[in-house]
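Have the view open as you read.

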Amino acid sequence: PLDQLPLFVKTGAVIPMQPKMQYVDEFEPEAFTLHIYAGEKTTTSTLYEDDGHSKDFERGLSTIRKFVQKHETNYISITQIIEGDYESSFQSFEALLHTMKEIPKSITVDGKSVSFIQENNNIKFIVNKSFREIKIET
């Protein structure tokens, strides 16, 4: 459609996004969306967090979340590495798997099976913000 702008995403990208806000501090989001685009190579994506108000980041009060996606023979893994002391207010990620060729056989988060649904050609599930590893069995 002419009223939509195409979005090109690098294969293997993991893109965290917060809900749309009309102005800064409109509300504290409870969840971020974690857009996961399957890829064949190992990739790393990063989310930087601080309070957005003060200069506490100059004293090191911030958090960097790194998402490392690896593709193996029978599964895709997303490992989260958290560095820093800033504690953000959101509690979970709503994960959306894009570009999956088939429905996953199973999804585990930190070794525990999670339920998922298929929605508009995407796979959707919820994970705690402090997860260590997501495994998507294909």
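Look for Gln118, which stands opposite Ile123 in strand 10. Before moving on, note that this is a predicted model, where local features need pLDDT of at least 70, side-chain atom pairs count only at pLDDT 80 or more, and totals for chains, interfaces and linings use all residues. Residues are numbered from 1 along each chain as its sequence is written, and side-chain values use heavy atoms, with hydrogens and water left out.

Strand 9 and strand 10 run antiparallel, paired over three bridges. Here strands are DSSP runs of E with at least two residues, numbered from the N terminus, and two of them pair if DSSP finds at least two bridges between them. Two residues separate strand 9 from strand 10 in a hairpin, and Asn120 in the turn has a positive phi of about 50°.

Strand 10 (residues 122-128) also pairs with strand 6 (residues 92-98), again in the antiparallel sense, over six bridges. In that pairing, Glu94 stands opposite Ile126.

Now step back to the whole sheet: five strands form an open sheet with mixed pairing, in the order 1-2-6-10-9. Its edges are strand 1 (14-17) and strand 9 (117-119), each pairing on one side only.

How values were computed. Helices (H or I, at least four residues) and strands (E, at least two) are DSSP runs, numbered from the N terminus.
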